[in-house]
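Reader: I would like to go through the labels used for this model. Please set each one against its definition.

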Amino acid sequence: MVELEKIIWISIILIIIISVKDKIKLALPLLLVIAGLILSLTQLVPSVDMSPEMIFYVVLPPILFDAAWNTSIPDFKKEIRKISVLAIGLVFLTTTIIACIVHAIIPGFSWPVAFVMGAIIAPPDAVAATSITKALPLPRKLTTILEGKSLLNDASALIAYKCAVVAITSGVFSFWEAGFQFISSSLGGIIIGLVMGFAFLKLHRHFNGSSSTETFAVTLLPFAAYSLAEHLDCSGVLAVVILGMVLSWNSISLFRTESRMQMSHFWDVAVFVLNGLMFLILGMQLPGIISNIPETDLPALIFYGLLLFVILVAVRLCVLALFPLFSNKTAEKKQTFLTSSKKEYIILSWSGMRGVVSLAAALALPFRDDQGIVIVQRDTVLFISFVVIIFTLLIQGLTLPRLISMIKPSVSDKEEEKELNLLLFKKLLSFLNDYETDNERDEIALKMMVKKLEKEEIRLKKHDNNLQFSHHTAWKKAYFELELDLADCQRQVLIESYHQGAFSLETIRKKETELDFWTTTIQHEIESSGRYSE
């Protein structure tokens, strides 16, 4: 009950911080971590114990599922080589290099403990980079790589972490056994995700079209997939990721409109709150982490953390230098010195922020081995991991938005949206031309619809940012804003009618929902007009 009260108060602080975020103009994850550090140093709010079980079994599944749900499968397949380099090759290479350096420079660090240290800080956070770059103009290709590697690098790092922990507790390490465990755990997670995904597709027909039932079932699935996979010694991360991709691939044909809208709103709020709480609580962990570290050791441990941060950046830079091999060099010969592939290289190299998964792995490190002997390096591993996380978030996180704005990567989303709209118009006109009517009324409606679509198609094709189109866009925006004013007027009438008791609440709510849908549609139209006019 005490922990619940702490979370409630921290949630209130989270709301306050979010409300002032735009005035401070700082990426939300960074703002929350800094606020958490300030709260921990001033001890204004008692810290919440960040248990590994809570992060792995409660926080991680919905975040991974939401990321997988919003991942484009075709784009993921197209960039699979780069994603594999980042999520598997880079993670294992980083783990090995960090282990070698830590074993050499930090007194008392055996090879198993050194590999645990490497596995903890090897994976970039699945949320930090995408949260910081979400509002920034990035090419779809780059976004796909950032999100795709975030889905998989946690899996590879956590498997390496488990192998190293087994070596610490048992005192025995086998390279071949670790390799077999990686393959079996990965395959097992993939199979569980596929089985649960396709099982849901088969069972879905029995939900009787209830959007509430569908939303509740989809909410439970990532937790069930992660828990089942972990109990079977498989990768829970991969199980959730594959499950999310299977359902996302079938979502357009599987779920009804009401269900998709309900699930979209629910997941937006749930993931937003989870991410916010985790970054805020992460910053508040400082007192508990530092409590067991002698003050005389702090400068040296902070230096080790800074050194490991520099090594992480250097290793990432070197590995990503291979990326131009996968780029289309022929298409870039006529470009300036800073080609698109070089811009990708720079941004990806500086997008390696660490976060809650690394801290959870450090906190999950056992206190004793199988013989009951205390693992004396545990506190040191935990503190250095925390220092590395803070350095990556504050140094890379604070400078990444500025870096992106300086190099200005090319973005073609607007042209892509126009192409999609033209394709839709073409298919709609083809559908209507083959549409058969039974009476004169339907024939008139059909002709009116065809005429309207043809006018819209011509307008879209003629769009070249000239004065005439800009004038049309300005007029269209004014028209939509007038519609919003009409909706607000109706909403005010609803409020007055409800307060006067003139109509039942059920009738008021029904009309309110209609106005909400209308307002949302108008706002999307205004945003679309704004994108075309830019």
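Author: Start with accessibility: buried means under 20% relative accessible area, exposed over 50%, and partly exposed in between (1.4 Å probe, protein chains only). This is a predicted model, where local features need pLDDT of at least 70, side-chain atom pairs count only at pLDDT 80 or more, and totals for chains, interfaces and linings use all residues. Residues are numbered from 1 along each chain as its sequence is written, and side-chain values use heavy atoms, with hydrogens and water left out.

Reader: Why is R491 called partly exposed?

Author: R491 has 23% relative accessibility, so R491 counts as partly exposed. D488, at 45%, is partly exposed too. D516 has 37% and also counts as partly exposed.

Reader: What makes R491 and D488 a salt bridge?

Author: A salt bridge is a side-chain nitrogen of Lys or Arg within 4 Å of a carboxyl oxygen of Asp or Glu. For R491 and D488 the N to O value is 3.4 Å, and the pair therefore meets the definition. Both residues lie in helix α22 (residues 467-500), 3 residues apart, about one turn of the helix. Helices here are DSSP runs (H or I, at least four residues), numbered from the N terminus.

Reader: With which residue does R491 form a salt bridge at 3.3 Å?

Author: R491 forms that salt bridge with D516, the closest N and O atoms being 3.3 Å apart. The pair links distant parts of the chain, with R491 in α22 and D516 in helix α23 (residues 505-533), 25 residues apart. Shared partners join D488, R491 and D516 into one network of salt bridges.

Reader: How many salt bridges does the structure hold?

Author: The structure holds 4. One of them joins the side chains of K162 and E230, at 2.8 Å, N to O. This pair, too, links distant parts of the chain: K162 sits in helix α9 (residues 140-170) and E230 in helix α11 (residues 211-231), 68 residues apart.

Reader: Are K162 and E230 buried or partly exposed?

Author: E230 has a relative accessible area of 17%, so E230 is buried. K162 is at 30%, so K162 counts as partly exposed.

Reader: How do you know which residues of α6 meet α15?

Author: Contact means heavy atoms within 4.5 Å. On that basis, residues including L90, I97 and I101 in α6 meet residues including L308, I311 and V315 in α15. The contact divides into 17 nonpolar, 1 polar and 1 charged residues. Ala, Val, Leu, Ile, Met, Phe, Trp, Tyr, Cys and Pro count as nonpolar, Asp, Glu, Lys and Arg as charged, and the others, Gly among them, as polar.

Methods: Helices (H or I, at least four residues) and strands (E, at least two) are DSSP runs, numbered from the N terminus.
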